[in-house]
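Hi everyone, thanks for having me.

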Amino acid sequence: MTDHRKRSVARQWLLALGVALLVGLLSVGSQAVLPTGWGPSALEAALQFFVAVVLAASASYITTEASNRISNPSVQDQGSSAKRPSKTFLRRPKFWGFLLAFTTVAICSIYLYRPLLPPSLAGPEHVGGLDIGKYCTSHGFNGKYKEACYLHVEEEEICNWQHKKTDWKLEYTDPKDLESGICFDDKGRSTKKGIEAMLAFCQTKFPQISNITYEKRTEVFRWHCEIAFDRDVICISQYREKELVAIKDEKKDAWGCYRPRKL
């Protein structure tokens with residue numbers, strides 16, 4: 001093989017590699033136009049994988065053909081007028097050029113477009129269930145209510161704390177209105193005042209929690225000291241492991257703790 005021929009072949013392979021890398025990036029980016037959320041995640045992943053393979057194969061074929069014609073046009077011209085000696089399929093340069101281009105595009109797609117990885121590899125690893133109730137009780141609350149840890153506020157405790165007494169009680173003038181509570185002593189005397197400092201009361205119960213708040217829960221007709229919880233924080237606290245995240249299993253309608261996979 002002459003030096004000119006060697007340089008031509010080298011340029012051909014370099015051009016095929018460079019163009020394949022470029023088309024690989026474009027094929028990966030084109031995945032963004034695929035719709036998501038229209039069906040099961042497994043079906044969406046299968047469609048994305050199929051599109052990536054078709055793009056990679058098409059890009060590989062185009063770049064190989066283009067590089068052959070651009071790098072060595074004289075050979076293409078001669079081939080149309082003269083017969084070439086027959087070669088086996090595996091000894092044809094076009095086959096190896098296509099294989100190199102396809103492999104390059106496939107590697108780019110797998111590395112840059114990670115959702116194409118099988119769910120067993122790309123998805124987070126399940127660590128265990130999420131016990132919100134245990135988390136709440138371990139911090140001094142009664143349990144979980146909706147999206148918060150809660151503490152039932154005892155009526156007598158409110159009046160005694162607010163008026164610095166020991167025998168006062170709270171009674172409601174309107175059985176349907178939590179704001180209508182009035183404090184009475186055991187002899188029926190009243191200040192004609194109800195609950196005036198519920199937030200301060202909750203803060204005395206949980207001085208270590210700066211974001212404690214209170215709510216009047218008409219569903220159970222009780223005052224609550226409450227704090228909103230973060231499920232990710234509960235997972236980390238429950239399993240003593242950083243970077244855990246809480247994910248809901250829609251099929252089971254239950255939350256669990258997961259460890260993100262590092263790819």
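**From one bridge to the whole protein**

Let's begin with leucine 151, whose bridge partner in β7 is cysteine 225. Please keep in mind that we are looking at a predicted model.

Now, which strands pair over five bridges? They are β3, residues 148–152, and β7, residues 222–228, and they run in the antiparallel sense.

Let's step back to the sheet. How many strands form it? Four do, and the sheet is open. If you read across it, the order is β2-β3-β7-β6, with antiparallel pairing. Which strands sit at the edges? Those are β2, at 143–145, and β6, at 213–217, and each of them pairs on one side only. As you go from one strand to the next, the twist averages 50°.

The sheet also has a helix packed on it: α8, made of residues 198–205. Helix α8 touches β3, β6 and β7. Its direction makes about 120° with that of β6.

And the protein as a whole? In total there are nine helices and nine strands. The protein has 263 residues, and 31% of them are buried. Next, think about contacts between residues at least 6 apart in sequence: 56% of these join residues at least 24 apart. Finally, the surface: the accessible area comes to about 17200 Å², and carbon and sulfur atoms account for 59% of that.

Technical notes: Residues are numbered from 1 along each chain as its sequence is written. This is a predicted model: local features need pLDDT of at least 70, side-chain atom pairs count only at pLDDT 80 or more; totals for chains, interfaces and linings use all residues. Side-chain values use heavy atoms; hydrogens and water are left out. Helices (H or I, at least four residues) and strands (E, at least two) are DSSP runs, numbered from the N terminus. Buried means under 20% relative accessible area, exposed over 50%, partly exposed in between (1.4 Å probe, protein chains only). Contact means heavy atoms within 4.5 Å. Accessible areas come from the Shrake-Rupley method with a 1.4 Å probe; for residues, only the protein chains shown count as cover. Two strands pair if DSSP finds at least two bridges between them. Axes are lines fitted to C-alpha atoms, for helices over the stretch in contact, and angles run from 0 to 180 degrees between N-to-C directions.
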